[in-house]
Amino acid sequence: MKTAVSTAERFEFTHSWLFAWLVAIAAVAGIWAGGDLWSWAVKAPKELTWKIEALGSCTSVRLCVTGFFKFMVNNEAYVFPWTFKEFTRAVAACIEFPYQIIRSLFASGFAVPLGDGQTWQSPPVSWLGLTAVLTVVAYRLRDWKLALMVFLCVAYLAVFGNWESAAITFSSIAVAVPIGIVFGATIGIFGYRYEKFERAITPILDLMQTVPIFAYLVPVLFLFGFGPVSAVAATVIYAMPPMVRLTILALKTVPGEIKEFGKMVGCTKRQMTWRVLIPAAAPGLMVGVNQVIMLSLNMVIIASMIGAGGLGFDVLASLRRQAIGDGLEAGIAITLIAIVLDRLTQAWASKSPAPSSDPPPTFLQRHRNLSLAIAVLLLTTLAGFLWPFFAQWPTHLEVSTGQFWNDLIKWININFFDELEAVKVFLLLNILKPVKAFLLGLPWPGVLILLALAGLQLGGIRLALLVVACASFILITGQWTKAMITVYLCGISVVTATLIGLTVGIIASRYQILKKPVLVFIDTLQTLPSFVYLLPVVMLFRVGEFSAMVAVVLYALPPAVRYTLYGIEQISPSLIEAAKTSGCTKRQLLAKVQIRLAWPEIMLGVNQTVMFALSMLVITALVGTRDLGQEVYIALTKADTGRGLVAGLSVAFIAIITDRLISAAARKRKQALGL
Amino acid sequence: MDSKPEPILTCTHVWKLFGRNPEQFIAEHPQITDELLARNALIGAVRDANIEVAEGEIFIIMGLSGSGKSTLLRCLSRLIEPTHGQVMFEGEDLLKHSEKQMIQIRRHKMGMVFQHFALMPHLTVLGNVAFPLEVQGIDRIKRERRAREVIELVGLQDRESYYPRELSGGQQQRVGIARSLCVEPKIWFLDEPFSALDPLIRREMQDEFLRIQSMLSKTIVFITHDFNEAVRLADRIAIMKDGAIIQIGTPEELIINPADDYVEEFTNDLSRAKVFTAKTVMGPHNPGISTGGQVSGNTKIQDLAEDLIRSELPFDVVDHNHTVIGQLSRDAVIDVLVKQP
């Protein structure tokens, strides 16, 4: 780390670090060169196992985890006053009941028993009525622009034949989001009130947010079985941590004066929370709600692997069929749902409540709009019996772009096969393979030494210990080789994404005209469900590490661009003016001022890029990588909790190691700049 | 102050120390010095503060940032728990009260205005002003009637349904003032209420404050870092530095008799003619000399300037019973005004 060297003392300090690094690198090279002598150090160690009579079948970390879950499920553990099994069944029932109602309402209709074993299937809510109501709601919340956007998005679902799948996906969301919000906010409020509680949950939240999504699915699958309930449970678990964090943050950032005001007017604790803190923190809490919605949509797609159904299933199925068109359409449908929910909740949150006046007497008057909406939905649904158009968008009018995409890919593959192949082979041979060989050849004690040294320099002894502990977990669970493949794929993808991101970010910051299109583009990239990226990539490059890399780069690009742009734009204009008046050319301005001052933000962008890359990397196991992601994927298909969680935790630990090191470096740099 | 009414709020030997085990430290050390604090890594935010606030008085605590004035104010309402000392309010020791009793006292007897207004963003002007009554559980019609009264008092009657973000800074603070007066508090705390406002608005709000006070005669503890503001509004001023109160007195007393260089530093830039009254400057009554007329003892010298220039003769100074209590000569006035400290 280069810092402003002002005194002789600091100069020496910097030099002693340099010396330490040289020694460490020499040591690693030494071990590597003497590979024959120290083969135990060069070869990745096997999984650590033990045999202790009292622990029974628990002979390794992996088997212990599996054993633990088996123990919980087999009626042996008690969550007062039920057995654990009864407990999970109760939870499942709580999810199942509202889910079935909403799903029947919007997707499948209710089955009404008529006696004699016959049932009558009621129709679901009319698509036409729902579109109309949502459009009007959007208009009432903001303006005709939002109304038009909502109308187009919802109409897309009908016209492209995604309506039923979308309704099923929406049902999962409609159950998962409120549960996530309520639990997240409650835990957040507790965390705010009791500092000890906050300190206890913070590392758990960290871990929950870094464990790859797939890894959640394994234990949930084990506990709740295959089906929508599991999907909703996994979605809640995945989407909740940001709500907890943002609740704590929002409550903490309520101005001190407002809290004092609450005390001065004599609020009790309860009044303080509900009347003062929560209303004052509302904007921050809404960000949390928004996050929960977005993450739930993301997760519910992946949860299709454990039976969520709906749009996620459509994407997954088309990935297996290699039908890019269908997959893309379903993927876009998910994005559109995300956009509609996002904009509507934002508009709702920012709308100021009506001025206070006495409430009108009757229910109909008080809820005029709600009653009207219900009437419209009811009428259009009933109209469906007379005119089928009200019940369903006519099949023969459905539009599909599937053929177009398939033809496009076919055309590219026929005409440019050699070029694409050449690029792929060149990169594989000259970059991917050598890097992989290098990383796999690194002796593990050397890696530990280097990590420890980096931790020591950037954050002191505690950081060094944390980093080494995380790496050791990977080592003793016998996943070193697979972890190194993950690191190699992730590393190359991150470097590529960062280079592209830096370039795009810098260009966009210089030419204001480009800024908006770039932002729209990366926003779109970010809302597309991760599965969708795999489709074109696989069809162009077929399965393999190269395809995985391309998909990961695409997925991890947005944060790199965004943070670069943000970093450059947040530099105080007076500094830019100062540089210009000193006679900087545009190039000098960029190199000597903008990049340097934006560096801490860019580093955070890299950090985010790593997180994104890791989460995508696990998904690319679907296209045949041989890393930790594959391990999780295999565990998922076998419902092997131990294997899945251990591999998932290993990915999380890689994420934590990079996150802690990069954050510490960014913090150091920021301090050096006095920001 | 001519007569000395019973103090309604007193604080004696109040300390607020930040650091490790401050209570134990105070218990162990009867004499606390700077070095002793430094050696124990303690920070003295408030050090041995003693004040008495009389009923109906405007008591101003003046100090620069970091002088501990805001901390002292919060000790008086127990928003911050003092480390040591006694805070007596209406004859009861606040520090001995339970949390429940404090809630009752704050609900009914205290009002506070904040530097950055601390308005609830999701409530209208009416909702904000009625909020303290809402917390008490008073029904809507009653509390809104009362809120409308105070809103009218601060001149915002046509803004009742506005949200804070739709108001200017001055208007927002008017809402803050109305809200703090809604419960008819016995004591009114104002924490740098006008510091966040532009100079012109600040002046207007000071006038507004004096107008409201002339109607309500509240007991006021007012915090400011602006000595001019303090002199303009205060009956008495306490000057704080590094957590300790250096001097307490009327504005005139501070100017005539500054306790040390620090206080004098503040008084130097001040226009004395605006602060001094005839009573302060006058010489002894001398019945033998013919006079140019009578002036009231509480008149500011500035307002007498024209008379003094016009008349060669000295003036008789009278008190509120029209008894002559002294004589004001032009020389005496000039002496006081131009005297270099």
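This report describes a predicted model with chains A and B.

## Basis of the model

Because the model is predicted, local features are reported only at pLDDT of at least 70 and side-chain atom pairs count only at pLDDT 80 or more, while totals for chains, interfaces and linings use all residues. Residues are numbered from 1 along each chain as its sequence is written, and chains are lettered from A and ligands numbered from 1 in the order in which they are written.

## Two domains of chain A

The domain assignment of chain A gives domain 1, made of residues 127-254 + 284-351, and domain 2, made of residues 483-673. Such bounds come from an automatic or database domain assignment. The C-alpha centres of the two domains are 23 Å apart. Their contact involves 28 residues of domain 1 and 29 residues of domain 2 of chain A; two residues are in contact if their C-beta atoms, placed from the backbone, lie within 7 Å.

On the side of domain 1 that touches domain 2, at least two residues come from each of helix 8 (195-210), helix 9 (213-224), helix 13 (282-302), helix 14 (310-321) and helix 15 (324-350) of chain A. Helices are DSSP runs of H or I with at least four residues, strands are runs of E with at least two, and both are numbered from the N terminus. By residue type, this side of domain 1 has 21 nonpolar, 6 polar and 1 charged. Here Ala, Val, Leu, Ile, Met, Phe, Trp, Tyr, Cys and Pro count as nonpolar, Asp, Glu, Lys and Arg as charged, and the others, Gly among them, as polar.

## An exposed residue in chain A

A:V520 belongs to helix 23 (residues 512-527) of chain A. A:V520 is exposed because 10 other C-beta atoms lie within 10 Å. The cut-offs are 12 or fewer such atoms for exposed and 20 or more for buried, with partly exposed in between; C-beta atoms are placed from the backbone.

## Contact between the chains

Chain A contributes 19 residues to the contact with chain B, and chain B contributes 23. Helix 11 (256-264) and helix 12 (269-280) of chain A each supply at least two residues of the side of chain A that touches chain B. Helix 11 gives the most, with 6 residues. The side of chain A comprises 10 nonpolar, 5 polar and 4 charged residues.

## Sheets of chain B

One open sheet of chain B has 6 strands in the order 6-7-8-3-9-10, with mixed pairing; strands pair if DSSP finds at least two bridges between them. Strand 6 and strand 10 (244-249) each have a single partner strand, so one side of each is left without a neighbour in the sheet. Strand 6 runs parallel to strand 7 (residues 187-191), to which 4 bridges join it, and B:G111 stands opposite B:W188. Strand 3 (residues 58-63) and strand 9 (residues 236-241) are also parallel, with 5 bridges, and B:I61 has B:A238 as its bridge partner.

A second open sheet of chain B has 4 strands in the order 2-1-4-5, with antiparallel pairing. Its edge strands are strand 2 (43-54) and strand 5 (92-93), each pairing on one side only. Strand 1 (residues 7-18) and strand 2 are joined by 8 bridges, and B:L17 has B:G44 of strand 2 as its bridge partner.
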